Amino acid sequence: INSTDKEVAPVISPDGKTIYLTRVNKSNIGNAKLPDNEKTQDVWYATLNADRSWGEARNMGPPINNAGNNAISSISTDGKTIFLLNVNSPDGGQTFGVSKSTLSKGGWTFPRECVITNNYTRKPTSSEGKEEIFSKMEVTVSPEGTTMVLAIQRKETEGARDLYVSFRQPDF
C-alpha cells in the first residue's frame, strides 16, 4: 500500500478486508495541471488478497473524489457508510464540512452533507462583519454512526484544536 506519495488517515473496514486512505498523488482527480506543491488529496482503497497481503491501492474516483481535497475519516460497522471531509456539490464545487456516502448496488452514492450545528462556522455579531470559516478539522464517527467527535480550530481555540462532540439527530 505504501508509496512515495503522502498517505494519511487509514480506515480499515469492519471485516478487515478493505483499507481506505487519503493520498496526495499526481494522478488524483484535478491534479494533472497543478504544480507538485499544490496537489490535492483523494480517497484511495486497497483490498486484502487471499494470501493476506494488500493489493495495489486504487483511487475511488467520483462521486467520492472530485477536483478538490477529498479525505475519508470513518466507516460504519456494516462497512456500508463512509464519512468524508468536505462537502462536494454536483457542479464540481466543494465546501468545508463533513459528508457521508452509502454503498448501494450501483456503488457509492454521491456524498450527502452531515449538517452539524455550531460546527465550524461562527455567526458574526453586528460589529464583527463577515462570517468566519475555520479550515482545520479532523473527525471520527462512532461505529454505530450516532456520535461524532470533531477536533476543530476556531478563533477561541485553546492550542491547535479543541474537541467537540455532536450527536446524530432523528432527521438525518
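Start by selecting strand β3 (residues 41–47) together with β4: the two pair in the antiparallel sense over 2 bridges. Strands here are DSSP runs of E, at least two residues long, numbered from the N terminus. Two of them pair if DSSP finds at least two bridges between them. Before going on, note that this is a predicted model, in which local features need pLDDT of at least 70, side-chain atom pairs count only at pLDDT 80 or more, and totals for chains, interfaces and linings use all residues. Residues are numbered from 1 along each chain as its sequence is written, and side-chain values use heavy atoms, with hydrogens and water left out.

Stay on this pair. Pick Y45 and look across: R58 in β4 stands opposite.

Now widen the view. An open sheet of 4 strands runs in the order β1-β2-β3-β4, with antiparallel pairing. Its edge strands are β1 and β4 (58–59), each pairing on one side only.

Next, select β1 (residues 6–12) and β2 (residues 18–24). They pair in the antiparallel sense over 5 bridges. V8 faces T22 of β2 as its opposite residue. Go to the hairpin turn: there are 5 residues between the strands, and G16 takes a positive phi near 75 degrees.

Show side chains for R23 and W44. The charged end of R23 sits over the W44 ring, 4.7 Å from its centre. The test for this is CZ of Arg or NZ of Lys within 6 Å of the ring centre and within 35 degrees of the ring normal.

Which rings have their planes at 85 degrees? Select Y20 and W108: their centres are 6.5 Å apart, so the pair is edge-to-face. Rings of Phe, Tyr and Trp (its six-membered ring) pair with centres within 6.5 Å; planes under 30 degrees apart are stacked, over 60 edge-to-face, the rest tilted. Y20 is in strand β2 and W108 in strand β8 (residues 107–108), so the pair ties together parts 88 residues apart in sequence. Y20 counts as buried at 7% relative accessibility. Buried means under 20% relative accessible area, exposed over 50%, partly exposed in between (1.4 Å probe, protein chains only).

Move to S73, in strand β5 (residues 71–75). S73 is buried, at 14% relative accessible area. Leaving out residues up to four places away in sequence, its contacts include V11, F83 and V139. Contact means heavy atoms within 4.5 Å.

Finish at the largest nonpolar core, which has 11 residues, among them F83, F96 and M137. Such a core is a set of buried Ala, Val, Leu, Ile, Met, Phe, Trp, Tyr and Cys residues joined through side-chain atoms within 4.5 Å.
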